[in-house]
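Dear colleague,

Please find below the structure I promised to hand over, together with its sequence.

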Amino acid sequence: MKARFWGVRGSIPTPLPSEQIEHKIVRALLGAGDVDLTDEAAVRAYVASLPVHERGCWGGNTTCVQVTSDAGDTIIIDAGSGLRGLGDAMLDSQFGRGEGYAAMLFTHTHWDHIQGLPFFRPFYVKGNRFDIFARHEDIHGRLKYQHDFRFFPVGMEVMAAEKNFHLMPDELHLFDDRMQVTAIALDHPGVAYAYRIEADGHAFVMASDAEYRELSGEYWDKYVNFYRGADVLVFDAQYTLREALVEKQNWGHSSAMIGIDLATEAGVGTIVMVHHEPSYDDDKIKRIFDDSLRYLDRMPSTVRPTVLVGYEGLMLEL
Ligand SMILES: [Zn+2]
Ligand SMILES: [Zn+2]
């Protein structure tokens, strides 16, 4: 199973402002003292050696993750603005010829998780087929509402692909049972759902958007149990710990340190922090995660998860 991240920003698409690009160029040049700047290959190698957030950015598109089984079956989780890039890439496959089939899961229907849908080109290609699932009732009505003429000029009925909408059952079996999905409700305004996808002997959990109101007891244990043993846990780490627990209580998001506690207790292999706060620049996001790594280092547990900052283009092999 593979996972690819097409959108990792929380709340609203966040393009990198010019002054931040300038700041990155200046910093990269200052660090290039030993590089022959007239040698393109040497410059490229130097740039490639820089950390993700210095040679590029964590990413500005909102939530969209693609999960693919070894057999090539595709589940798309959420339709934030990152879905546009995924859709364009899919056109190079059978989806460009109207012969594609994929499943879609929606964690919830806040705007940052559905706003890419009108720009998802495989939906406009006749012959493509999609099964679309959510734990929320009336997913069709909710998505169609976004296409109301007052908000978008093209109605959903114009999108020629076959789209079948379903209320997700407790256990979902997809692609002749090559992929299985279960769900758990997350604390978030209007409720979001975490999905656990099992395939090829591995488990991938998408848990965005979520706040954790109690950090022990039955409440905590139900999430530990749901995340238990996952190879990858995608975690809503929008806030600093102080924001999550004090300043932005009840806003429906969490922080990296809470994720590390959960992942460690649940024996998760890799935790990927996503839903980055739109008002934080790349350096601040890096600082928050450096703090969380120091926290991880101080944990008594000897079995620790790998902690990653999610970025656009991140690909994981499970
Ligand atoms: Zn969100
Ligand atoms: Zn939300």
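Predicted model: local features only at pLDDT ≥ 70, side-chain atom pairs only at ≥ 80, totals over all residues.

The domain assignment divides the protein into domain 1, made of 2–15 and 57–317, and domain 2, covering 18–55. Between the C-alpha centres of domain 1 and domain 2 the distance is 32 Å.

An open sheet of seven strands, with mixed pairing, runs in the order β7-β8-β9-β10-β11-β12-β13. At its edges are β7 (171–174) and β13 (306–309), each of which pairs on one side only. On average, neighbouring strands of this sheet are turned by 20° against each other, direction ignored. Within the sheet, β8 (residues 179–186) and β9 (residues 192–199) run antiparallel and are joined by eight bridges; T182 has R196 in β9 as its bridge partner.

Helix α9 (residues 282–297) lies across β12 and β13, at about 175° to β13.

Finally, M1 belongs to the segment before β1 (2–7). M1 counts as buried because 24 other C-beta atoms lie within 10 Å, where 20 or more are required. Leaving aside residues up to four places away in sequence, the contacts of M1 include V67, D70, A199, F204 and L318. The C-alpha atoms of M1 and E317 are separated by 6.2 Å, although these residues are 316 residues apart along the chain.

With kind regards

Methods: Residues numbered from 1 in each chain as written. Chains lettered and ligands numbered in written order. Pairing = 2+ DSSP bridges. Helix = DSSP H or I, 4+ residues; strand = E, 2+ residues; numbered from the N terminus. Axes fitted to C-alpha atoms, helices over the stretch in contact; angles between N-to-C directions. Contact = placed C-beta atoms within 7 Å. Domains from an automatic or database assignment. Buried ≥ 20, exposed ≤ 12 C-beta atoms within 10 Å, placed from the backbone.
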